[in-house]
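Reader: I'd like to learn how to read a fold like this one, feature by feature. Could you take me through it?

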Amino acid sequence: GEIMKFKEKRKKIHLDMFDYDVEMIFSTDTCRTFHKQAFKDQWTDDSHEPFVAIHVNFGGKSTVIFPWNADIFLIVHECSHITWRLMELMGANHENEVMAYMNGYFSREAWKLKNNRKKIKKGLTKVSIPDSIVIDSMK
């Protein structure tokens, strides 16, 4: 088989109204990206079970790591974890229309990133809050 060189595509979204950050990453080596991100964002735990795609919630931020060729199912699945987390933050009862809208929005942003040929770089200011870590992994 061919050896693929390590590549990532990243996009950061800052949600002002919730003071919450989302980072989406498509990677040719999701495990390598996971450990790189754990170090960068100072996650309290950088162990993981084998995964295809993963959502990590830590310190007021959702990080989603997708395999390079993620399909629509994986994208929508992982984005639903971001939506769920935000609903918890809002203390909103999980309202159907709001969730559907947010999940559509995140999924579209991830889809656009996946299909984008250009490098996307956008700086965001980070605030670190010690926090419990929640990991939803797609096995």
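This is a predicted model: local features need pLDDT of at least 70, side-chain atom pairs count only at pLDDT 80 or more; totals for chains, interfaces and linings use all residues.

Reader: Is isoleucine 72 buried or exposed, or something in between?

Author: For that you look at relative accessible area, where under 20% counts as buried and over 50% as exposed. Isoleucine 72 comes out at 48%, so it is partly exposed.

Reader: Which residues make up the nonpolar surface patch?

Author: Ile72, Phe73, Val76 and Trp111 do, and the patch covers about 380 Å². Helix α2, residues 72–90, is the top contributor with three residues.

Reader: Now helix α1. Which of its residues are buried?

Author: For a helix, you list the covered residues and then look down the axis. In α1, residues 30–40, the buried ones are Thr30, Thr33, Phe34, Gln37 and Ala38. Down the axis of α1 they fall within an arc of 135 degrees, so they line one face of the helix.

Reader: What happens to the backbone just after α1?

Author: Check phi there: glutamine 42 has a positive value, about 55 degrees.

Reader: On to strands. How many residues of β3 are buried?

Author: With a strand, ask about cover and then about which way each residue points. For β3, residues 53–57, five of the five residues are buried. Ala53, His55 and Asn57 point one way, Ile54 and Val56 point the other way, and all of them are buried.

Reader: How does β3 run relative to β4?

Author: Look at the bridges and the direction. β3 and β4 (residues 61–67) run antiparallel, joined by four bridges. As one example, valine 56 has threonine 63 of β4 as its bridge partner.

Reader: What lies in the turn between β3 and β4?

Author: The two strands form a hairpin with three residues between them, and glycine 59 in that turn has a positive phi of about 55 degrees.

Reader: And for the chain overall, what share of the residues is buried?

Author: Buried residues are 44% of the 139 in the protein chain. The chain exposes about 8300 Å², with 55% of that supplied by carbon and sulfur atoms.

Reader: What about contacts across the sequence?

Author: Among contacts with a separation of 6 or more, 60% are between residues 24 or more positions apart.

Notes:
Residues are numbered from 1 along each chain as its sequence is written. Side-chain values use heavy atoms; hydrogens and water are left out. Buried means under 20% relative accessible area, exposed over 50%, partly exposed in between (1.4 Å probe, protein chains only). The arc is that of the directions from the helix axis to the C-beta atoms. Patches are made of residues with over 30% relative accessible area and no salt bridge: like charges are joined within 9 Å, nonpolar side chains (Val, Leu, Ile, Met, Phe, Trp, Tyr) within 5 Å. Accessible areas come from the Shrake-Rupley method with a 1.4 Å probe; for residues, only the protein chains shown count as cover. A salt bridge is a side-chain nitrogen of Lys or Arg within 4 Å of a carboxyl oxygen of Asp or Glu. Two strands pair if DSSP finds at least two bridges between them. Contact means heavy atoms within 4.5 Å.
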